[in-house]
Amino acid sequence: MVVQALKDQGVDVVFGYPGGAVLPIYDEIFQQNDIRHILVRHEQGAVHAAEGYARATGKPGVVLVTSGPGATNAVTGLTDALMDSIPIVVLTGQVPTFMIGSDAFQEADTVGITRPCTKHNWLVKDTARLSGIIHEAFHVATSGRPGPVLIDIPKDVQFATDDYTPKTKATVSHYQPQLKGDMDTITELVEAIERAERPIFYTGGGVINSGPAASQLLRELVEATGFPITSTLMGLGAYPASGDKWLGMLGMHGLYEANLAMHDCDLMINVGARFDDRITGRIDAFSPKSKKAHIDIDPSSINKVIKTDMPIIGDVGHVLEDVLKVWKARGRKVNREGLAKWWARIEEWRAVDCLGFKPSPKTIKPQHALARLEALTKDRKDRFICTEVGQHQMWAAQYMGFEDPNHWMTSGGLGTMGYGFPASIGVQMGHPDALVINVAGEASWLMNMQEMGTAVQYRLPVKQFILNNERLGMVRQWQELLHGERYSHSWSEALPDFVKLAEAFGAKGILCTDPADLDDAIMEMVNHDGPVIFDCLVEKHENCFPMIPSGEPHNKMLLGEASTKDAIGSKGAVLV
Amino acid sequence: MSPLHIKKGSTKHSAYNLRPTFSDVQETHTIAVLVDNEAGVLARVIGLFSGRGYNIDSLTVAEVDHEGHRSRITIVTTGTPQVIEQIKAQLGRIVPVHEVHDLTVEGPSVERELALLKVANQGEKRVEALRLADIFRANVVDSTLESFVFQITGTPDKIDAFADLMRPLGLVELARTGVAALSRGVGSTA
C-alpha cells in the first residue's frame, strides 16, 4: 500500500536503508520496478540526498528508514530541511503497535523526537488510514512554506491489508496556506517602487521554493525597474549572476557593495527571505533609513526579527505577478534621477573589489581554486554545485556564479557539515547526465564520507572538490580573530590519503598541490566518467573575507587582503 | 590588537548578536486555539512554547466537539508585543491548528477559572473560613469535622485573593484548572 501511494504521488526514487521494522515495505519494493531505491550507507546521508534531489528537481524527496537508530540518524537531516524549507517525506518503520512503549528492540519515540524538527508528523496506528495520511503528508510537505514531514509506520500496520485510498479520493486537508497577497499592500509597494531613490531587492530561498516561474517574474521585475538586487545564500540563482543588476550575495560574508547598499537603501524589498541573523548583523543598526516590504508565505516570518512596513503574506510567484501587473498598469514609473545617483554610489562600492586576492605561484589559494573551477565549468548549463559548510561554502558563494535556480545546494539555516556529499548524490539521481560538483572542506567531507560506497555502487559520477587546508578553517578563523589565536582543536592530524581512499572505494582520486597543475587537474576531474575525489591542497591559513563581525551593522565590514599572515604588520585589513 | 582591530581574546564580538533589541514591555494575553483532537497535538503546542522560550501562565485543554474531533486550548501567556504576535503566528503554523484567537485584543471577553481548596482547621478558624467562603461565593463540596473542601469559580485574581485568605486559616492543598475564556456577545470565536 505504501509503494502504491508513493507511485500515485509520482515518486520515482527513494533513498533508504532497511532494517527489521521496515522489512514488509522493502519486500514490496523488491517486487516492483517503478520506484528506484538507492541504498545509502547512513540514514543521515539518505535525508541529505533527498534534500539535494528535492532542491535540484523541485519534487519532494522521499526517504525510507527503519525504527530506532534509523529514525534518530535521520534527525539532523530533518532539522536541516526544516531550516531551509526543503520538501521531503520520511517514512520510518516502528515496532508493532502492541509493543510501543515497552522499550522493545530498536524502539524509539520517533514522532516525539521528530516533532520539533518536522513540519508535521504522523504515527499511523490503523492501516485503513495509511494511504490517506501518505497523500496528506505530500500535500503538507509541498504546500505553503515547504518542509520535512515524517510518517511512522508500525510493523503490524505494514503487514495488515486494507482498502487503498487513491490520491484523487483523499480528503482535502484544511491546511491550505494563502497564496495571493493583499492587493492594498501590493499597491502600496508599487507606489514605493515608483518613488524610491535608493531601492534594493533582497531575495531569498523563497523565490527558489516558489518555482521557476517566480524566478522568471523576479528577473522581469528587476530588469524592468532597473533596481539592484542582492540575495541570501539560499536564494542564489534566482537572478543570474551575470546580470548587470546583480550585486552578489549579502550578509556576514557577503559582498561589500551588497551590504552597503542594504545599509543605505531607502526601500528594501524582501522577496522570500527571512532576515536571518547572518544577514542582518546588528539588528538595531540594520538598514536604518529604509522602508521595508516583506513578501513571505509564512506569516510567522513577518516581524519576527525586523519590523516591516509593508508585510505581504503570499506565494512569491503570485505576489510578484500582481506587483508587475499593478506597476505596469500605473505606467511603469520609477525615479530615474534617484536611481542614476544610486547606481553611481554602488559603482564606487563595486570599485573596492572586495573579492580581490593575490594568487600565489607556490601554493593554491582556495579563492583561486574556485575561480578556476568557475571559469572552467561555467559554460555548462547542466552544472550543479553542492557545498559542505564552512569557509569553502562562503568562497563558493562568492567566487562562483549561478545563472539558474535549483542549481545550488547548500545547508544554510542549520549549517550542517556533511550535507554536501550526500546532497550531490541526490542531485545526480535527479539529473543523471549533469555535472554535479560538491565543493567541500576536508573536515566536512569526512563527516559523511561513507556515501562514497553509494556513489560507486550506483555509478553516480559526482565530483568531490575538496579544498584541503588540514584545518577546520572557519573555526580557525574565528579563533584567530576573536579568541586570541588560541587554536583549540581546529586542525586535523591523521587525515587520510584521499587518492588512496578513492581507490579503496573503487573511484578515482586526484591530488593537486601546484597552482600550475590546477587547470589540467580540474579538467581531468570534469572529464572522468565516474565519481572523483579531488584533493586540492590549499593555503592553510587563508581567511574568508569580507566579513561582518556579528553584533556589528552592515557598514562595519572587515575587508581582508591576501592571507591574514601577510596582513600582520601591514595595513592589510581595513575596518571600514 | 590584531590587524583587524579586534582585541585579542575579546568576547565583545561573538558568533551571535548578543544585544537584545526589542522593548521589554510585558503584556499578558489570553489565546484560544482550536485544534484537531489528535494524538500529540498538545505536545506540539507545549513544545512550541518551550522550544522557542515563550511563557505559559496557564493552559487548559478539553474536547469541545466530539463529532468534529475538535479541542479548545486556552493559553494565558506573557511577553512583549512582538513575542505575542510571534506566538500567534507560530501557533497558526501548526498543521492541526484550525484557528487562533487573541481574546485580549479581539474585543471584550470573559475569563473564568475553577479551584478546589482543602482547608483543615478547628474552632474559630473554621467559622471564619466558612464566612469568607460565603463572601466569595465558594461552595463546600466535602467536609469532615476538621476540614472543608471549597469549590470556587472566578477570575484568577479572585481565586488568588481567596487562597491568600485561606492560607492562615489552614490551607492544605490547592488545585486550579487554569483559565477558560470566551468572547462576549453573540458572535463566536470559532
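Mentor: Begin with one pair of strands. Strand S6 (residues 139–143) of chain B and S7(B) pair in the antiparallel sense, over four bridges. Keep in mind that this is a predicted model.

Trainee: What holds such a pair together, in general?

Mentor: Strands of a sheet pair through backbone hydrogen bonds, and the pairing is either parallel or antiparallel.

Trainee: How many residues lie between S6(B) and S7(B) in the hairpin?

Mentor: Three residues lie between them.

Trainee: Which other strand is joined to S7(B) by bridges?

Mentor: Strand S5 (residues 109–120) of chain B runs antiparallel to S7(B), and eight bridges join the two. Within this pair, B:Ala115 stands opposite B:Ile152 of S7(B).

Trainee: Why is strand S7 of chain B said to be largely enclosed by the rest of the structure?

Mentor: Look at how many of its residues are buried, meaning under 20% relative accessible area. Strand S7 covers residues 147–154 of chain B, and six of its eight residues are buried, so the strand is largely enclosed. For chain B as a whole, 39% of the 190 residues count as buried.

Trainee: What is the strand order in the open sheet of four strands?

Mentor: The order is S2-S3-S1-S4 in chain B, with antiparallel pairing. Strands S2 (58–65) and S4 (97–102) of chain B are at the edges; each has a single partner strand, so one side of each lacks a neighbour in the sheet. From one strand to the next, the twist averages 20 degrees.

Trainee: How many bridges join S1 to S3 in chain B?

Mentor: Ten bridges join strand S1 (residues 27–36) to strand S3 (residues 70–79) of chain B, and the two run antiparallel. One position to look at is B:Thr30, which stands opposite B:Val76 in S3(B).

Trainee: Which helix lies across S1, S2 and S3 of chain B?

Mentor: That is helix H1 (residues 41–51) of chain B, which runs at about 10 degrees to S3(B).

Trainee: How many helices and strands are there in chain B?

Mentor: Chain B has four helices and nine strands. Read from the N terminus, its elements run β-α-β-β-α-β-β-α-β-β-α-β-β. Then check the contacts: among those in chain B with a separation of 6 or more, 71% are between residues 24 or more positions apart.

Technical notes: Residues are numbered from 1 along each chain as its sequence is written. Chains are lettered from A and ligands numbered from 1 in the order in which they are written. This is a predicted model: local features need pLDDT of at least 70, side-chain atom pairs count only at pLDDT 80 or more; totals for chains, interfaces and linings use all residues. Side-chain values use heavy atoms; hydrogens and water are left out. Two strands pair if DSSP finds at least two bridges between them. Axes are lines fitted to C-alpha atoms, for helices over the stretch in contact, and angles run from 0 to 180 degrees between N-to-C directions. Contact means heavy atoms within 4.5 Å. Buried means under 20% relative accessible area, exposed over 50%, partly exposed in between (1.4 Å probe, protein chains only).
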